[in-house]
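Dear colleague,

I am handing over the structure below, and after it I set out what was found. Please read the notes with the structure open beside them.

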Amino acid sequence: MSEKLYQIISKVMKIDIADITDELGPETIENWTSFNGYVLLNELETGFMVKFTINEAMDVKNIADIKRHLRNKEINVDE
Amino acid sequence: MPEEKSLSYYINKSKEITGVMDRKIRIGLLSSFTINGLKEILQVKSSERNISCIVYEAPYNQYSQEILNQESNLYKFLPDITFLIIDARSIFGEIFRFPYSISNSDREQFVEEKINEIKNLIDKFVEKTNSKLVISKLSIPTFSPNGIFESKMEYSFQNMVEDFNHKLTKNYLISENVFAYDFEKFVTKNGEDHIFDYSQFFFGDLKISMEYLPAFGQELMKYVIAYLGITKKCIVLDLDNTLWGGIIGEDGFNGIKLGPEPPGNAFMEFQRVLLSLHQRGIILAINSKNNFEDAIKVIKEHPHMVLKEEHFASMRINWKDKVTNMKELIQEINIGSDSLVFIDDDPINREFVKSIFPEILVVDISNDSSTYTSIIENIIDFSVLKITDEDKNRGKMYFKQKIITELEESTPDLQTFLSQLDLKISIKEVDEFTLPRVSQLILKTNQFNLTTKRYQETDIEKMIQDANFIVGCAQVEDKFGDNGITGVFIIKKENEKEWVLDTFLMSCRIMGRDIEKGIMAYIVNTAYEHKVKKIKADFLPTQKNKPIENFLPNCDFEKEENSWTYAIKSKIKFPEYLKIQVD
């Protein structure tokens, strides 16, 4: 599942899958604007068929946060 | 969910757009909520159609300021089309949630005030710019605090929104520049729960969800297509498993599926939607591998055929390959291949046609005939900003053309043929009644077009009012009826001695009858009466205007450097078989 996650991040943020780390966020990814960050969440919702709560959406500051919220929705993002 | 790519696809793809495009459009985007991403969607969708699209996006919710400020960036940008996308929440404010906090009459008064505010904005906009303005109507909210009792309320909340929409439409019904976009239809088609996502609304004031923004962009592309006049004009159809179910050569007259029972009813409905397009000016034609006798018997005699012989401008029913037939069909109808849509259930035929004619819109229909009707309904390429009388009669005219062609083939020489046609040309200066059609011809004519200069209606209006221009048009009649306005010319009076032929064009359906010589004789004779000594003209070649290549030398123009000149010595005679009437 992490492969799918990385593919979506790579597609939306236009970065290489190999360059994606948990620490990356708006400061380190050029395309991570406030709007594009929201596009990312939206496309993860579609891709994983889940829905982020408004609190989760507002809480996301980096990739690690996204993984944490996906894990809470029983999506395995570690393999 | 519409078949669409994701929003991130458009955002990223828009950064990769490069190269020179065939056409250009400048779009202004104004909105009452967040529409981030719409700019990129329009740019990518335009580039897919070889249109370079430059977008000015007004700051968030600043549409009033942009319109009222005479020096705004919107006006400096000089848009061709401006989309003003508004929503009921923003327009109605507190009343959106509490419509019943005020009385019936106050609700009516409230809508009246809101319409006047919008009208005031639109009037300012129209006064200040030539841009077309497309304003979205409001979607009708499904929630009411009154629930199912809403429909018993007098001038209910729903009525308020409907009334607003109705007044907006009515105010601009005949306007050339202002168009009300049926946003509520878009919502009806896709569903309010999909279009409006509370999470996205709370998070970023999005009122069209990210999932559906690309589909909304597709809707706006209809205006781009119509504005640029790149509308498709003709649908070329296969027969077996396209217009009817089964194969006539194998299943026979009584075996094919066509009738009120399923699956024949899907084909009947498909034919009905095609007929409805035909009635508004889309030409239909057949390109089918079949025994002609078998197929024509169905077309002429099958009780459930909705489309009849008279609805087809050309019928290529034979055993030639689809591409050869397509080439002949294009020649017969005399139409640009880029105005065609091709519908065939066989993927191999579709690929073959696509490979030779990439400009043809080849529609991928599946083997499920129940989807055919909706596929046609979703094609945006038939969009027009205006439907003229000529459009409505086009189908009939092409059928007539087919009869004329048959007459031509059975007549020994061209002169005899032309003299049998009783051709009559009425030449007149363009006025408010003929302007829409003239503008349409100027935007759309590709083949018999000397300079291919594209003018919008407002440009032409200015020329009509300018004493230095003559804007004329020609209406052509023959023994089969009226062809409508099919020729346009614009003369610029350079000085007292010299006129310049700025524009000269003719609809392809009257080509080959020397009508152009009649119009040119009129121009020369008018110039002579004004004591003009010469007429200058340019031929600006494009990929498509080869048919007019020899027009100037054929009319005795002589080449001088890069331009053509006709020295006027006397009046010239009209071709004998043409009756010319000057209004």
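A residue is called buried if 20 or more other C-beta atoms lie within 10 Å of its own, exposed if 12 or fewer do, and partly exposed in between, with C-beta atoms placed from the backbone. Helices (H or I, at least four residues) and strands (E, at least two) are DSSP runs numbered from the N terminus.

This is a predicted model, in which local features need pLDDT of at least 70 and side-chain atom pairs count only at pLDDT 80 or more, while totals for chains, interfaces and linings use all residues. Residues are numbered from 1 along each chain as its sequence is written, and chains are lettered from A and ligands numbered from 1 in the order in which they are written.

To begin with helix α2 of chain B (residues 38–47), 9 of its 10 residues are buried, namely L38(B), K39(B), E40(B), I41(B), L42(B), Q43(B), V44(B), K45(B) and S46(B). The cover over these buried residues includes α1, β1 (23–31), β2 (51–57) and α12 of chain B, where contact means that the C-beta atoms of two residues, placed from the backbone, lie within 7 Å.

A nonpolar core is a set of buried Ala, Val, Leu, Ile, Met, Phe, Trp, Tyr and Cys residues joined through C-beta atoms within 7 Å. The largest one has 80 residues, and those with the most contacts inside it are L29(B), F83(B), I135(B) and V224(B). Its largest share, 11 residues, is given by helix α12 (residues 213–228) of chain B. Beyond its neighbours within four places in sequence, F83(B) is in contact with I27(B), L29(B), L30(B), V134(B) and L220(B). Apart from that core lies another, of 44 residues, which includes I442(B), F448(B), F489(B) and C555(B).

Turning to W564(B), this residue is found in strand β18 (residues 563–567) of chain B, and it counts as buried because it has 21 C-beta neighbours inside 10 Å. W564(B) and L501(B) are 63 residues apart in sequence and 9.9 Å apart in space, C-alpha to C-alpha. Leaving aside neighbours within four places in sequence, the contacts of W564(B) include K536(B), F539(B), L552(B) and F557(B).

Finally, as regards the two chains, 12 residues of chain B are in contact with 12 residues of chain A. On the side of chain B that touches chain A, the elements giving two or more residues are α1 (7–13) and α11 (198–204) of chain B.

With best wishes
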